[in-house]
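Here are my notes on the two-chain model, for you to read with the structure open. I start with a pocket and finish with the interface.

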Amino acid sequence: MKNKKNIERKTDFIQGNIACAEGAIAAGCNFFAGYPITPASEIAHYMSRKMFEVEGTFIQTEDELAAIANIVGASWGGNKSMTATSGPGISLMLENIGLAVVTETPCVIVNVQRGGPSTGSPSVAFQGDMLQPKFGSHGEYQIIALAPSSPQEMFDFTVEAFNKAEKYRIPVFILADSLIGHMRERVDFPLDDEIILEERKKLKNYQGIHQKIFLDENVAPMPIFGEGLKANITGSTHKEDGFRNVSDPKIMDTAIKRLSNKILKHKEDIIAVEEKYLEDAEVAIFSYGLVYRAVLETVNIARNQGLKVGSFRPITIWPFPQEQVEELSKKVKTIIVCENNLGQIYPFVKAAANGNAKIIFLPPKILGALYKQEEILNKIKEVIS
Amino acid sequence: MKNTVGHPLKKYFRGEINYTTCSGCGNGIISQSILRAIDEIAIIFDQIAFVSGIGCSGWIPSPSFNTDVLHVTHGRSIAFATGLKLAAPQMKVIVCAGDGDTGAIGGNHFIHAARRNIDLTVVCVNNGIFGMTGGQVAPTTPYNSVTTTTPYGSIERPFDLSNLAIAAGATFVARWTTYHARSLKNSIKKAIEHKGFSFIEVISQCPVQYGKVIGMRNDPVSMLMHYKECAVNINKAKNMSADELKDKIIVGELVEKKNIPELTDEIKRLRREASRK
């Protein structure tokens, strides 16, 4: 779709995974590496055809460790790269995700979550890997992760993921789940000139061995390989010029803080949340991804019954929208946290609320089977009465 | 008057950094062999990228070589190099790996790169031990060796990395020792110019860690002389029995296959086919 100019508005009825692949292509993705895994394989199927049509590359790697390594290598070769997998694949990728973070490599990682731990339940929807992008790789780092709740958002958020990856030189996660990935729904494709693309800041000329290519809180320019820029890239602790220093704690301190601040100082630009009916709400329901669909419908019904309830939905899971949740906690009396897990994001909501509002965790009765409407509605009524 | 003579390879170094390897390490000979090969091919250094992993071998190019250098996680250098080569096929990509990188933690990437015949050159520094971490047994350590993790002697048989490369489909394979610096340089030259996956195994001395195992601690000269005595050229080895070859190191260019489809060429072909549809 990138090759031919989109001058006519196009709508399709497609799977979330396909919408994700289309979003990547619309964002200019020209390198895909992946290893087969349920429930993410459809993305690879689609890319194995489409990548070559856009003069790009598709490779089915020997394992997920190689998939992430391939996309990082390709990114340094100047490509916009992506991989798609599920929880077990992310578990294998984690060490190299840390390398992508510390070498400030733009790339997109899609996790179509399934039941876990271990092999788990491959096609059951689960929000079990919410902490994994932020805390899975060792050390101290920031990451960006987005949680779509529909095939349309699989398209839109994948474009956004590439934009944020390019802008901040960082791996960006799409945290979907098996139901979002396999759900078929209407997707409206934007016209080409409606898609705004961010491109990475590149180093233009070689500026000597101490050229500043890392650790700028406003993002250093990236020396693409093969252009005579003599890039000096390492996963060891390094300075702005890439030279390693692994013994001086002050250098490590500077590296970790700048790497984190590169994201934290731009939270306003990075974080997106969606608020509904919060103006006069006594109760807010905090949810994201697939669960948000059930919550939003329940909130609509509750409003029709005159209940003062609203919805707060983080689109950006990482960095966590701490300030936005704090603000919310000052407006409402109670926040009900709905997640399809045993409370992964709940402690972060509680910490951000800092005692301002009562925080209640409401998991679905059966994990993976999702909520029955009464489960949420009864809780709202119980809290309000 | 003082005469100053510049080292002919100095132009390839980033400068302002000292090599961190122990005295007597084989890394210096291997670095020189790689750079002399490049110098003789007269290829523009900026058109070569180096990828290396963790272990002493990773420090051959990183950060010393003054071109694009990507220093990655342990064992994954070939996988990162694969992505880089696919994205920038105009570049020559050389991987400097160790026997731990290649034969232990990254074995899967190694055999699959060979199978794909992707145009990478892997220079594998095989010192038969985990040097940097304190002399632990490696998948290349000879049977019954006493190391820091095999106090009763090692009970596993070692990998022959070159044979592994050949079995997996590598289209250029050579093995030398650091004693054979000039032959090594010539084979690296051929490997860089070879279109496809090339694998150079260099048996290299680690006098600090492996020296202990064979009673040559901190004695690199004896280790090099030992290589000289043990080495048998492949042409001679062909006519020798297994018994005669026991404890010998077979050196030389072991495999050279031409006209096997190379991965980046195959991808270009797929793009052409996709555009016709």
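1. Start in chain A: helix H4 (87-102) and helix H8 (249-264) each supply at least two residues of the lining of the second largest pocket. H4(A) gives the most, with 5 residues. Helices here are DSSP runs of H or I with at least four residues, strands are runs of E with at least two, and both are numbered from the N terminus.

2. Before going on, some housekeeping. This is a predicted model, where local features need pLDDT of at least 70 and side-chain atom pairs count only at pLDDT 80 or more, while totals for chains, interfaces and linings use all residues. Residues are numbered from 1 along each chain as its sequence is written, chains are lettered from A and ligands numbered from 1 in the order in which they are written, and side-chain values use heavy atoms, with hydrogens and water left out.

3. Back to that pocket: it holds about 530 Å³ of space. Of its 22 lining residues, the closest to the centre are Gly98(A), Val102(A), His138(A), Gly235(A) and Thr237(A). A pocket is an open set of points on a 1 Å grid over the protein atoms alone, with protein on both sides within 12 Å along at least five of seven lines, and lining residues have an atom within 4 Å of a point. Volume is the space filled by probe spheres set on the points, which are joined across faces, edges and corners.

4. The largest pocket has about 1,000 Å³ of space. Among its 30 lining residues, Thr140(B), Pro142(B), Asp247(B), Lys248(B) and Ile249(B) are the closest to its centre. Helix H5 (161-168), strand S6 (198-203), helix H8 (220-230) and strand S8 (249-256) of chain B each give two or more residues to the lining.

5. How do the chains meet? 38 residues of chain B are in contact (heavy atoms within 4.5 Å) with 42 residues of chain A. Together they bury about 3,400 Å², 57% of it on carbon and sulfur atoms; buried area is the accessible area (1.4 Å probe) that two parts lose on being put together, summed over both.

6. The rule (a side-chain nitrogen of Lys or Arg within 4 Å of a carboxyl oxygen of Asp or Glu) finds 2 salt bridges between chain B and chain A.

Key:
On a 1 Å grid over the protein atoms alone, a cavity is a set of points where a 1.4 Å probe fits but cannot get out, and a pocket is an open set with protein on both sides within 12 Å along at least five of seven lines; lining residues have an atom within 4 Å of a point.
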